[in-house]
Amino acid sequence: MAIADVTSLKHLLSHSSTFTIPARAFTEDYNNWTNYALTTPKAVVKTTNESDIQTVVKFASEHNLRVSVRGGGHSVFNSCDGIILDLAGWDEVVYDDGDNTIRFRPGALNGKVMEVAGGRGRCVMSGTCNTVGMTSLYLGGGLGPLAPKLGMAIDSLLSARLITASGELLTVSPESNPEVFHILAGAGQTLGVVTEMQIKTYPLNETLNTTDETVFFASMTFPASRIAEVANFLSSAKWDENTAVYLLLVSPPEGGAPLFIFTVNYYGNDEDAKRVLKGLYDLKPIAETAKRVPYVRMNDHSEGSGERGEFKRMTGVGLKRVNVEGLKGMVEALENLLSAGGDLGKSCVLLEFLGMGVARKSSVGVYPHRDIDIWCIPVPWYSLPENHASAEKFCRDVRKAAKRGDVREDMVVYSGFRAGDEKPEELWGSKETADKIAEMKASQFDVSVITN
Ligand SMILES: Cc1cc2nc3c(=O)[nH]c(=O)nc-3n(C[C@H](O)[C@H](O)[C@H](O)COP(=O)(O)OP(=O)(O)OC[C@H]3O[C@@H](n4cnc5c(N)ncnc54)[C@H](O)[C@@H]3O)c2cc1C
């Protein structure tokens, strides 16, 4: 479609929306978490107006243009060669004192929703990074440090307003359009455009097992050379619903051999936390910290992970078990990557250990991986495009290594951590579910319009 024709869309929009045709190739100025796979669109519409969103998707349908939606800007899937619907600035978060729910708009970020809830003595199921978009996190299923207590994010989802690719505005909830709700909760990222979500909140102190709205937070560092001890600990560790454990395999800023850094949230008092973590303390970390952190500051330790710009990807794989072979392979993959050049030093592998006992009791939505308690996520991070190939190899090598230690043979991928080239059954658990999702999207929604 010629640019002059796209310009005709501008005249169909209200004055509250901004219509822009990018003056040059789309790169750094997008302020995305990553510049990897950024595609220059024909136009960007920045809006806070449902009726304009309806106009955009209808226009795109009629002119056979693709649309991609941008919320928090933390994925590689928010640009296309058609129209970008940029909803980043539409970030109202409203607390309802009547029923203790929160409604948020599509640009609302994780940290802001936590702050609004925390300000009322409540908490929400959210992710680990304050700058991730809350809507998309919920659309994918939603993992996070409170998952062991509250289940998946979709278990807290009450309703959503959804604009389909034909421009229809639906209220979607277990009561209203329940079949659409089922797909939206877990496979919702290409279903349409969500303009609002309503979620549950929970009493803060009761959920965190405390009286002062704080969480016990510890970090412990080990040289990666102690793989066997770390793996041995992980294979016998039994975490209860009060513990969320993250393990980062990273190169120190000054260079040198990689390190394992555990960060742990414990929901309870310090004595119980230290008892639960005794196995790790007994391994004598080379560095450790322990402190109580207010709920609303709970994610601050991972602030760096949300930094925008440069090239990064997240391509996670779900695991039932990690063993020494798996960890060794991950360390080797990181060492090989680092030896490729001087620009890859911020790359890492993140392992998340989030007990899904509570999540397994729920069957909300189509999210298929409630049996998976461990996620392994390689994150290559660099600024020079010539490192793309090494970065891709790193992602493949880490996934392969992680599977070496696993007891489950098939590849399991969470849509929030997808690379984009997975088989449908890897994302959706089975061919049957994948077909059902595809069928729903094709029958009710024009998937060729809402892309990615
Ligand atoms: C640093 C980092 C930390 C992360 N931590 C977690 C975590 O703790 N838990 C977890 O579950 N996931 C986590 N993720 C994954 C994250 O949830 C997904 O990448 C998510 O898609 C990012 O959403 P966004 O709005 O920030 O990104 P965007 O790139 O803006 O959006 C991603 C995609 O979601 C869809 N989308 C966004 N908004 C809408 C909307 N309003 N309507 C319809 N579709 C929409 C679009 O398809 C879009 O392309 C993390 C990702 C990063 C980069």
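**Overall architecture**

The chain contains 15 helices and 20 strands. Its radius of gyration is 22 Å, close to the 22 Å that the globule rule gives for 452 residues, so the chain is as compact as a globular protein of that length. The model is a predicted one.

**Dimensions and packing**

- Along the principal axes, the C-alpha atoms of the chain fill a box of roughly 65 × 55 × 40 Å.
- Of the 452 residues in the chain, 49% are buried.
- Among contacts between residues at least 6 apart in sequence, 71% join residues at least 24 apart.

**Domains**

- The chain is divided into domain 1 (3-86), domain 2 (93-206) and domain 3 (211-428).
- The centres of domain 1 and domain 3, taken over C-alpha atoms, are separated by 34 Å.
- Eight residues from domain 1 and eight residues from domain 3 take part in the contact between these two domains.
- On the side of domain 1 that touches domain 3, three residues are nonpolar, four are polar and one is charged.

**Ligand surroundings**

- The ligand is surrounded by 35 residues, of which the closest are G71, G72, G127, G133 and S136.
- Two or more residues of this shell come from each of β3 (67-70), α4 (134-140) and β10 (193-200).
- The element that gives the most to the shell is α4, with five residues.
- By residue class, the shell around the ligand comprises 13 nonpolar, 21 polar and one charged.

How values were computed:
Residues numbered from 1 in each chain as written. Predicted model: local features only at pLDDT ≥ 70, side-chain atom pairs only at ≥ 80, totals over all residues. Domains from an automatic or database assignment. Contact = placed C-beta atoms within 7 Å. Nonpolar A, V, L, I, M, F, W, Y, C, P; charged D, E, K, R; others polar. Helix = DSSP H or I, 4+ residues; strand = E, 2+ residues; numbered from the N terminus. Rg over C-alpha atoms; globule rule 2.2 N^0.38 Å. Buried ≥ 20, exposed ≤ 12 C-beta atoms within 10 Å, placed from the backbone. Near = placed C-beta within 6 Å.
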